[in-house]
Amino acid sequence: MPRIGLFIPCYIDQFYPDVGLATLEVLERYGCEVEFPEAQTCCGQPMANTGCVDAAVPLAERMIEIFAPYEYVVAPSGSCVAMVREHYSDMLPLSNALQEFQAKTFELCEFLTDVLKIEHVEGQFPYKVGLHQSCHGLRELRLARSSETVGEEFNKARQLLEQMKGITFADLNRKDECCGFGGTFAVQEEAVSCMMGLDRLADHYESGTEVLTAGDMSCLMHLDGLNRRQPKPVAVMHIAQILAGRQPEGSVRVNATEGGIA
Amino acid sequence: MAGHATLAKDFVANDERAHWHDKALWFVRHKRDNISHSLPEWETLRETASQVKLHTITHLAKYLEEFEANAKKLGVHVHWASNAAEHNEIVLRILQQHNVKRVVKSKSMLTEECHLNPHLEAAGMEVVDTDLGERIVQLQKEAPSHIVLPAIHIKKEEVGEVFHQFLDTEKGASDPGYLTEAARQHLRENFLAADAGITGVNFGIAATGGFVVCTNEGNADLGTALPNLHIACMGIEKLIPAPEHLSLFTRLLARSATGQPITTYTSHFHGPKPGGEMHIVLVDNGRSNILGSDEFRSSLSCIRCGACMNTCPVYRRSGGHSYQSTVPGPIGSILGPASDPAKHSSLPFACSLCGSCTDVCPVKIDLHHQLLTWRREIYVRGLLPLSKTFPMKVMSKVFQHPGLYAFGGGIARKALRVMPRWMIYNPLNSWGRKRELPEAPKESFRDLYKKRKRP
């Protein structure tokens, strides 16, 4: 029974607790012994991506220490895992502890497909799913074949979802364009960020997406933020929630003009 | 100077135009996808090209000397310019020695980078850019907004207006065929009247001293076949070792740039034509500084295909001019700060770090990683405003204390639940201008986890 340290990104901890619970449930369902070390906070990605490496380093060092006792580290986020695996080496000196941490840290879907080698996913999800390919999972962790590169097609998230009864997939016009979240980019380049997000949503709406999902809640936080101000918002769920057997609740439309803002 | 975000906001404000621009470039990206996916060896080509370029730039001195010696054997005059000013002076001097009054120039981003045209014009010469797109922006007194498609930001109706004003075409005409024919006639007069032709260089071949210029319009050919004087301006990174490496790059270049199997004209120059004179100006202008940096060296492998621009979701929605840099888009956001970090400090942040640029790049430059590295450089050099660094330092402190983080998170969520909407969605909240904030739950995951463990 693999012993897993559950790595829950800070914004999921604070705003999307059910995504954390769903991840925990999925891993336990497949026989893992899962523990959430409560000393964890943030992996340091916002600081590192702003260039403030000295503010990110102590957080990276904490992560290595906190997760040292575990055999594997699993997170419901391609972006935070990419930070650990691909970018910690840019700011920390090479050490055995760092390399071990990087080698044992996995995004949820790839952990299920590559480590646990899950071939059957129980449950039904009779909806048309729009699968958003979060960029860091796609182009840093290579969780799927990116549309730019040439080679055999694969998609670890879809491979899992396809096992569920009744599920269908929306055929998108642009299958893996960025949603425009990009961390602090979302506020620093607010205009472009929102245009990117609205364009992604339009693609999903036109393709008949009923439930919008992704491996990263940060992309979904941005997309749902926009979605909830549209006339007919679609339901938004993290992939862990679907795999855990949750059913869509639907996103509630907000009429922003009624709230006193322009 | 206004940063990228400000200019991008202006571009996005015209929603119809921003979407038109996005779709025009996505169409090119799509063509590139189709043609690259038709070659099973695509990834091998990219990897090989990347290795050849890295080999060449890490042995650059050797290949430059070899290129110079072989070019001289072909009867070419070779000049060396350490910066833009030297380049401009060398070109001006050659032209003045030949009493040149009228120059035709095919596309060369290097001469844009060096601002050659104004330098020659100040000396009383007339310079006509002969690439159709470049001619359009030249008549509009603008800079190119894209390195391969210089006038991609201009609609055909607007081209019609410019041509009506300068080339006497019918008012209101916007038929591309009609306008192109008018440009063709206009340019032909200039080709025939020119005393000298200037070209850029796509590939210099060290082993032969020859060089290759790729165009779709044949303008480099006509511009060098008619006048007796040909000056080729070439960045020192444009070298490849030998002719056998060339096909690798010509195959990748056109496919990546426009989705064509090859450029319409791939012209090989090996010495002056009979009775003519040929000069090559080799320009450094900051390139050897980049060569000296481990992080950014591979940006010199760039073959200027523009694929990173076509795929960049930010470039497509903000336009080339929002970068205020000779080369815009992802590669320009690396080269710009390399030449002037303070002036271009906003460019590495004009990026969602999606990595699409890295995946389309035919020579596998790790563009988005270099953009991230530039962010760090900008911070280290003290060029990042306090408004960006201070929140990061505070957040870092909070995150180093789990108790403080959990407590602060609880307060923040509570505030979001009880504060009136107008207070949360205040004018300073740029997240909330078009987006809802997530609904703040009463309990965090860690709260629920504790309960779950102790039922």
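1. The contact between the chains takes 63 residues from chain B and 60 residues from chain A, two residues being in contact if their C-beta atoms, placed from the backbone, lie within 7 Å. This is a predicted model, in which local features need pLDDT of at least 70 and side-chain atom pairs count only at pLDDT 80 or more, while totals for chains, interfaces and linings use all residues. Residues are numbered from 1 along each chain as its sequence is written, and chains are lettered from A and ligands numbered from 1 in the order in which they are written.

2. On the side of chain B that touches chain A, α19(B) gives the most, with 7 residues. By class, that side of chain B has 32 nonpolar, 14 polar and 17 charged residues. Here Ala, Val, Leu, Ile, Met, Phe, Trp, Tyr, Cys and Pro count as nonpolar, Asp, Glu, Lys and Arg as charged, and the others, Gly among them, as polar.

3. Helix α19 of chain B (residues 386-399) has 14 residues, and its first and last C-alpha atoms are 19 Å apart, close to the 20 Å expected at 1.5 Å a residue. The expected span is 1.5 Å times one less than the number of residues. Helices (H or I, at least four residues) and strands (E, at least two) are DSSP runs, numbered from the N terminus.

4. Met392(B), Met395(B), Ser396(B) and Phe399(B) are the buried residues of α19(B). They line one face of the helix, because they fall within an arc of 105° when seen down its axis; the arc is that of the directions from the helix axis to the C-beta atoms. Leu386(B), Ser387(B), Phe390(B) and Val394(B), on the other side of α19(B), are exposed. A residue is buried if 20 or more other C-beta atoms lie within 10 Å of its own, exposed if 12 or fewer, and partly exposed in between, with C-beta atoms placed from the backbone. The cover over the buried residues of α19(B) includes α3 (45-50) and α4 (53-66) of chain A, together with α20 (402-418) of chain B.

5. Chain A is assigned domain 1 (3-115) and domain 2 (128-259), with bounds from an automatic or database domain assignment. The C-alpha centres of these two domains of chain A lie 22 Å apart, and their contact takes 27 residues from domain 1 of chain A and 24 residues from domain 2 of chain A. On the side of domain 1 that touches domain 2 in chain A, 13 residues are nonpolar, 8 polar and 6 charged.

6. Chain A also holds an open sheet of 4 strands in the order β6-β5-β7-β8, with parallel pairing. Its edge strands, β6 (168-169) and β8 (235-238) of chain A, each pair on one side only. Strand β7 (residues 211-214) of chain A pairs with β8(A) over 4 bridges, and Leu212(A) has Val236(A) as its bridge partner in β8(A). Two strands pair if DSSP finds at least two bridges between them.

7. Helix α11 of chain A (residues 190-206) is mostly covered, with 13 of its 17 residues buried. Just after α11(A), Gly208(A) takes a positive phi of about 80°.

8. In strand β4 of chain B (residues 196-199), Ala196(B) and Ile198(B) point one way and Gly197(B) and Thr199(B) the other way, and all are buried. β4(B) runs parallel to strand β2 (residues 102-105) of chain B, joined by 3 bridges, and pairs in the parallel sense with strand β7 (residues 229-235) of chain B over 4 bridges. Ile198(B) is the bridge partner of Lys105(B), and Ala196(B) stands opposite Leu229(B) in β7(B).
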